[in-house]
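Colleague: I would like to learn how to read a model like this one. Please take me through it feature by feature.

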Amino acid sequence: MSKLNKTNIPFIYTSILYLAGLLLFLEWLYPVEEVTDTAFIGIFIIYAFFCFFISLLQVKWWLSFILKGFGIFFILNGLYSTNSFWSKLWIQEFYTDIIYNIESLLARQWFDLSNMFRSLLFLFIIWLMSYLIFYWFVQVKRVMVFSVLTFVYITLLDTFTVYNADWAILRTFIIAFLALGLANVLKEIQKENLQTYRLSAKPLWILPLIMIVLFSSMVGYAAPKLEPQWADPVPYLEGVFNGNGIGGNGVGTVQKVGYGENDSRLGGSFVQDYTPVFQAYMKEDSYFRVESKDYYTGKGWVNSDRGDYVEQANGDITFETFSPNIETEEQHVRLEFDGRAFIPKLIYPYGTKHVVPSNENASFMLDEQSGEIKTQVDDREIVLANYEISFDKPTYPIDLMRKSETPTELDNQYTRVPPSLPDRVGELAAEITSGYDNQYDKVRAIERYFSGNGFVYQISNVAVPSENQDYVDQFLFDTKVGYCDNFSTSMVVMLRTLDIPARWVKGFTSGEKVQDNVNEEGDNLYQVTNANAHSWVEVYFEGVGWVPFEPTQGFNVPNSYSVDTSEEDDVLDAPEVTPPAPEHPEIPEQEAADAFNPSDSSQTKLEFTKVHGIILGVVLLILVGLLIWKRHQLRIYLLERKMQKRKDAATYQDAYHYVLKLLKNKGFQKEPDQTLREYATRIDSWYGSDEMGRLTADYERLIYQNNLSTIVDDELSNLWKNLIKRILG
């Protein structure tokens, strides 16, 4: 057997190797949705497949640039813009956003980067990785480095975040070892200059590799395992850096508190962050609402419907006006924001009816479903420096709430619980409220339940539910240790098991009063920090509306109540049923999962419309269909270009093997005892030419005469092209 300059690896094997690189890269993307505020990770995964597919085809650099760039702009348009992709308004919107972010980068204002720009950078990284992995896996076949980095990445996330990497580690092991085995075989083929057409004809050699890896994986998964021999590094590191180790099983990572948006995974410990958010000038304490969420997943909260935002004209807020049965008192509050805060939403008290912003061009976009109000200027979300709010502070009538029946105007949106919720949660709620015959007293009974019964308010050593555990069930029956998210979520879910409509709300408490009578209106000055982020409960009463309640130990929602003097009410006894506050001052907090990505705590909900998704799917299907339809023409074009540029023996060998493949597809199967010359004579006889014979003679000369100096000349190239045309008809 002769040796050629270089052995070309069949396309099928390089494709498998590159696919392994893609699958390993996806292991870097899967955890992003759990450990950050990034939504719609599926869109980024689709773009990764798109980029890797184009790189695999090795199309012209300029065509690759156009296709991948088009994909980025198409995705950004679908996620962040309401304008058409071909609209000039979209181009202007994109240009304005880029200029704004470049200025922020030059000014080192990292927290001011827009969501669109961050997504743009993320998509660029995926683009670059498609090239890098092609180089590592296909060209130089150095699979080990990226495989080891993937192992390190997912194991660190498994150790220090809520991400469960059990299956990810198994997948990575299988993919990495298959890729390593295949890469080593292909390197040996190139090193020894083996004839690869035999490998492509009989690919059974790869089966032992697959069987060994799968067998090793199954044995490793099923075999008995020792308990961990080393102590959990998380408590140790927390003790080193925070000065307070946290032991115990199932404990999540320690994170900083603050307002965030991703509530899909609650649990874990946190440390306080007293960075100022805003100052409030007002006469009385007040809870500041930001938004509510209605769907409990068993692990956290999401909104069941995408919000439809409606602009509030002239700063008049029309969100859930109070029933005429409720007495109100008109009040005012002025909020002045710290320069480090980045929450492009209105932070407002109950009863808000009018807002006067510092920027006269500001607009307010209300989602009536959640009560979220975005603050915008020229369709771009911003944080207003300050604004003044006029609101009607309500006084809730207890006698009317006691008479409230099950609401008829609400659907089951606020009474549904996940099917996986353990029955004992509902049984406990029924037991707590068994002595009461009206909705209000049942709500109060559950609210009071958390003030004793072994529940403890603390921010360290807080468990994260495992894959098969329910967040509420774990808190109520297993740990009884947690902070506001644990208390508020548990109360909402328990009420829903009783068919009492309730929802989960988040925002800020009043903070700390730092000065009295700071102006002529007699306002007091309150300082609100990240540590005052908080979550609580709202319950719906027929004829009254949504009423806030506070189950968290050490907190009191600043409600005002009216009561019929002929009736007794437990609200008058609130000091007796509310536990004393902790020794430290009131320390509101927000869910640990919210604050996991402090650099993007204001990440807005990405809205990828169904229309854009359908269009993207159709475009991908069309591209795949075109590539399948034109696969022969594409392969011929690539081989022709390769022969023109390189003109070496290995290139000619690859071209000749492709002719054999086309002939086989046309039904001209070479018999096992038939020589290449006999086969070529048969083909020439069928087509009435001598092209196959001449090509075969040159091929045999390259193979058997060890003629390394022979190159593909123009005559040989033309013979090959003419024969291809005859075969394809």
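Predicted model: local features only at pLDDT ≥ 70, side-chain atom pairs only at ≥ 80, totals over all residues.

Modeller: Residues are numbered from 1 along each chain as its sequence is written, and side-chain values use heavy atoms, with hydrogens and water left out.

Colleague: What is the mean pLDDT of the protein chain?

Modeller: pLDDT is the predictor's confidence in each residue, from 0 to 100. The mean for the protein chain is 78, and 81% of its residues reach 70 or more. Residues 1-7 fall below 50, with 27 contacts (heavy atoms within 4.5 Å) beyond near neighbours in sequence. Residues 566-608 are also below 50; that stretch has 142 such contacts.

Colleague: How many helices and strands does the protein chain have?

Modeller: Both are DSSP runs numbered from the N terminus: helices are H or I, at least four residues, and strands are E, at least two. The protein chain has 23 helices and 22 strands.

Colleague: How are two packed helices described?

Modeller: By the angle between their axes and the distance between the axes. Axes are lines fitted to C-alpha atoms, for helices over the stretch in contact, and angles run from 0 to 180 degrees between N-to-C directions. Angles under 35 degrees count as roughly parallel, over 145 as roughly antiparallel, 65 to 115 as roughly perpendicular and the rest as oblique.

Colleague: At what angle do α13 and α14 cross?

Modeller: Helix α13 (residues 423-432) and helix α14 (residues 439-449) cross at roughly 110 degrees, their axes coming within 9 Å. They are therefore roughly perpendicular. L428, A429 and I432 of α13 meet A445, I446 and Y449 of α14.

Colleague: Does Q474 count as buried or exposed?

Modeller: Buried means under 20% relative accessible area, exposed over 50%, partly exposed in between (1.4 Å probe, protein chains only). Q474 has 7% relative accessibility, so it counts as buried. Q474 lies in helix α15 (residues 471-479). Beyond four places in sequence, Q474 touches A463, V464, P465, Q469, T479 and K480.
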